[in-house]
Amino acid sequence: MSFSPRRLLAVVAKELRHVTRDVRIFFLVTLSPAFLLVVLAYIFAFDVGNVSLGWLDGDRTATSRAYLAAITADGTFQLAETATRYEDLESAILAGRIDVALVVPPGFGRDLARGPSASDTPAVLALADGSDAIITSQVLGNLSARTAAFGARLSPQSSPVETRPRAWYNPDLKSLRSMVPGLLAIVLTLPALALTLAVTREKEMGTLEALIATPVRGPEFLLGKLIAYVLTGLASASAAAAVAVLWFSVPFRGSFGLYLALAVDFYLATMGVSLLIAQLVKSQQTAMLLVLFFFFVPGFFVSGLISPVNTSSTSSVLISYALPSTHFIAITRSIFLKGVGLAQLRLHAGLLAVMGIASVSVSLLAFRKRIG
Amino acid sequence: MLARIWNLAVKEFIQLARDRLMTGFLLLFPVGQLMLLAVATGQGIRHLSLAVVDFDRSTQSRAFIQALDNTPELEWRYQPSSEAELAGLIDEGQAAVGVVLPDGFSAALAGSAEPVAIQVIVDGSNTTVASTGQSTVDGVLSDFLGRLAKRSGISIGAPLQLRAEIRYNPTLNARLFTIPAQMGFIVYQVTLAIASLAFARERELGTLEALLVTPMRRFELISGKGTLAWLLGGLDFVLMYQVVTRVFAVPMRGSFALLLACGLFFVAVEISYGVIISSFARTQQQAILYVFMLAMLDVALSGYLVPVKNMPSVFRAVAAASPLQHFLVIIRAIMLKGAGPEIIWPQVRALGVIGVIAGAVALRTATRSLE
């Protein structure tokens with residue numbers, strides 16, 4: 001018996017009915033990505049803020065008080081503890097009561113009025129908690145800029161060279177705009193998880209045998225399931241994009257058609273791997289652990305969502321690029337914010353397509369052999 | 001009673017041992033994932049790809065580019081000849097930071113021309129990258145001007161500096177925290193996955209009735225199921241601790257006994273959550289999707305990627321109920337800061353409160369769902 005499009009359609013219809021019949025499953029595969037996106041976006045959209053500041057003023061002059069006022073003016077840094085001894089700052093950092101402390105040396109006001117000499121530039125000491133490195137480096141960058149600006153305001157001379165910073169695609173560097181498109185790639189792994197579970201469930205419950213006894217062939221069965229889940233996945237990709245644009249006002253500068261096309265590309269890669277996992281394992285429990293292992297946890301940590309892919313080490317590039325989310329994060333950020341076309345995204349789109357075609361073909365072959 | 005709980009735990013072990021793939025997986029998965037993530041996790045925001053358009057082409061401009069390249073944050077990869085070419089590199093994501101040195105850069109430095117501005121273009125589609133790029137270029141410029149001033153004896157620019165002294169991790173190497181934090185995440189996933197399916201699986205396969213007609217009381221049934229997840233979680237934790245300290249050389253500045261005690265306590269609290277899910281879900285598929293959603297939220301709320309106090313107040317309240325969040329603070333405090341019990345007491349107390357409440361809810365819901 002050869003491959004029949006009619007039987008394929010029948011399987012697609014059966015699967016779609018299966019998904020839409022159970023309200024809870026329907027919610028989980030179509031709307032839960034949009035729902036999770038809302039929650040995660042609020043959590044992840046952070047800009048340096050609410051930094052608890054420790055303060056030790058060894059100078060006690062009008063200048064040092066003006067400096068503290070300049071640092072805390074906009075509420076990003078909040079004075080949490082004023083110390084008179086250095087040791088008190090250290091123990092406050094150990095206990096986590098403050099994130100960073102500023103220590104103003106005696107003679108600060110005098111030195112600043114005199115200006116930098118050939119041997120020394122007046123300086124303030126920042127004592128920081130390095131145990132949270134990424135946040136701390138952002139906090140220190142921010143503090144240094146404020147300190148330099150305070151110095152420059154008092155300086156009689158203007159600098160011969162200054163920088164004119166410009167952030168493209170996101171001029172005021174709102175982290176919400178960068179996180180929401182990135183998180184799309186994380187929440188849209190849920191449809192792939194649902195597919196793995198659907199296949200392993202049939203295996204575990206023994207309903208797969210019943211299907212094998214019907215005239216439906218292996219490839220028709222698998223492709224039918226795949227198509228049904230890609231279709232429901234497109235519904236969830238549209239819902240999530242609508243939330244991003246309408247709720248979070250993230251600009252959508254590229255083409256929506258390209259977004260959907262590349263979402264299919266991403267689903268082929270993630271669902272292809274999910275089908276492979278479903279071939280390998282016997283129980284839904286193992287399938288879940290494998291999906292957590294392959295998609296979910298690495299999705300947050302090595303996909304470039306927060307810190308960029310470490311391109312200086314080959315092993316880390318290999319691991320990050322093997323993960324479909326890495327490519328889809330680059331794609332969604334580019335389409336939403338940069339508005340670029342397929343030409344600029346060819347590398348990521350191509351790698352996703354290779355993963356998708358390879359994993360779907362392998363699972364089709366493996367499946368046919370097992371029941372044939 | 002203890003004997004009956006133990007018997008059920010033994011039954012669970014035997015059942016698990018029959019599923020070879022699952023057993024191997026439960027033991028190798030945590031360590032494997034830890035290795036993988038640790039290898040791929042960078043030290044923080046380092047080696048951002050830099051493109052410089054140099055319209056000045058002087059010794060000074062080359063020295064400045066060299067100074068940018070010498071920072072750990074930036075790596076000079078491209079020298080486009082025009083701003084249009086630079087725009088292409090940023091659009092394609094090849095370059096994360098672009099710097100345009102104007103004609104007249106060296107003349108301005110020598111004081112013989114009008115002040116000039118260096119354009120610093122960053123890719124704002126990733127804001128952490130963008131702000132690091134900007135502040136690094138600013139820092140390099142202010143150092144560069146300071147060195148010039150010292151050499152020429154005149155004071156120009158940058159009259160006030162910030163000198164940082166960083167505790168526990170002077171080079172701000174992100175891996176010192178990200179790697180031990182993974183222990184928390186991985187133990188969390190494994191135990192939650194086992195516990196949440198404890199009853200859902202038996203119910204779906206129809207073997208739950210058989211268990212219910214045994215003389216075991218409901219409480220014993222729940223404890224017996226939980227014991228397996230607890231022991232496996234503890235074992236995984238110890239294995240991963242060895243990898244973290246030996247393979248990745250993360251320092252352990254506090255007491256291992258204290259960390260292990262907190263770890264086992266954390267796993268027990270986590271299992272209560274798993275049992276609650278298990279009693280709500282009718283099928284394994286539902287249980288798994290609930291776990292997946294809970295895990296996503298918990299990772300987000302854990303304070304690992306975003307500090308808890310930067311979250312909106314609703315989420316701060318929810319984060320307080322997340323055992324993972326408290327446990328990560330404990331790991332960081334014990335391993336990196338060498339904190340003793342008095343420092344981590346607020347977190348331990350929070351875990352205790354969550355544990356008592358979640359445990360009571362778990363017993364109640366599970367007992368009901370077994371009727």
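Modeller: Start with helix 4 (residues 86-94) of chain A. Helix 4 lies across strand 1, strand 2, strand 3 and strand 4 (123-129) of chain A together with strand 5 of chain B. Helix 4 runs at about 170° to strand 1 of chain A. Keep in mind that this is a predicted model.

Biologist: Which other helix of chain A lies across strand 1, strand 3 and strand 4 of chain A together with strand 5 of chain B?
Modeller: Helix 6 of chain A, residues 133-154. Helix 6 runs at about 165° to strand 4 of chain A.

Biologist: In what order do the five strands of that sheet come?
Modeller: The order is 2(A)-1(A)-3(A)-4(A)-5(B). The sheet is open, and its pairing is mixed.

Biologist: Which are the edge strands?
Modeller: Strand 2 (77-83) of chain A and strand 5 (161-167) of chain B. Each of these pairs on one side only. From one strand to the next, the twist averages 25°.

Biologist: Pick a pair inside the sheet. In what sense do strand 1 and strand 3 of chain A pair?
Modeller: Parallel, over five bridges. Strand 1 covers residues 51-57 and strand 3 covers residues 100-104. As a handle, A:Leu53 has A:Val100 in strand 3 as its bridge partner.

Biologist: Now the other sheet. What is the strand order in the one that starts with 5(A)?
Modeller: That one reads 5(A)-4(B)-3(B)-1(B)-2(B). It is an open sheet of five strands with mixed pairing.

Biologist: And which strands stand at the edges there?
Modeller: Strand 5 of chain A and strand 2 (74-78) of chain B. Each has a single partner strand, so one side of each is left without a neighbour in the sheet. Neighbouring strands are turned by 30° against each other on average, direction ignored.

Biologist: How many bridges join strand 5 of chain A to strand 4 of chain B?
Modeller: Eight, in the parallel sense. The strands are residues 161-168 of chain A and residues 116-123 of chain B.

Biologist: Zoom out. How many residues of chain B are in contact with chain A?
Modeller: 107 residues of chain B, against 102 residues of chain A. Helix 6 (residues 127-152) of chain B gives the most to the chain B side, with 17 residues. By class, that side has 62 nonpolar, 32 polar and 13 charged residues.

Biologist: Next, helix 12 of chain A and helix 11 of chain B. At what angle do their axes cross?
Modeller: Roughly 20°, and the axes come within 11 Å. The cut-off for roughly parallel is under 35 degrees, so helix 12 of chain A and helix 11 of chain B are roughly parallel to each other. The crossing is right-handed.

Biologist: Which residues make that contact?
Modeller: From helix 12 of chain A, A:Gln284, A:Gln285, A:Met288, A:Phe296 and A:Phe300. From helix 11 of chain B, B:Gln284, B:Gln285, B:Ile288, B:Ala295 and B:Val299. They divide into six nonpolar, four polar and no charged.

Biologist: Now inside chain B. How do helix 1 and helix 9 cross?
Modeller: At roughly 45°, with the axes coming within 8 Å. Helix 1 is residues 2-18 and helix 9 is residues 218-247. The two helices of chain B are therefore oblique to each other. Their crossing is right-handed. Helix 1 residues in the contact include B:Leu8 and B:Phe13, and those of helix 9 include B:Leu221 and B:Lys225. By class, the contact has seven nonpolar, three polar and four charged residues.

Biologist: Last topic, domains. How is chain B divided?
Modeller: Into domain 1 (2-41 + 173-370) and domain 2 (48-152). Their C-alpha centres are 47 Å apart.

Biologist: And what does the assignment give for chain A?
Modeller: Domain 1 (5-45 + 174-371) and domain 2 (51-154). For chain A, the C-alpha centres of the two domains lie 47 Å apart.

Methods. Residues numbered from 1 in each chain as written. Chains lettered and ligands numbered in written order. Predicted model: local features only at pLDDT ≥ 70, side-chain atom pairs only at ≥ 80, totals over all residues. Contact = placed C-beta atoms within 7 Å. Helix = DSSP H or I, 4+ residues; strand = E, 2+ residues; numbered from the N terminus. Nonpolar A, V, L, I, M, F, W, Y, C, P; charged D, E, K, R; others polar. Pairing = 2+ DSSP bridges. Axes fitted to C-alpha atoms, helices over the stretch in contact; angles between N-to-C directions. Parallel < 35°, antiparallel > 145°, perpendicular 65-115°, else oblique. Left-handed = near helix turned anticlockwise from the far one by under 90°. Domains from an automatic or database assignment.
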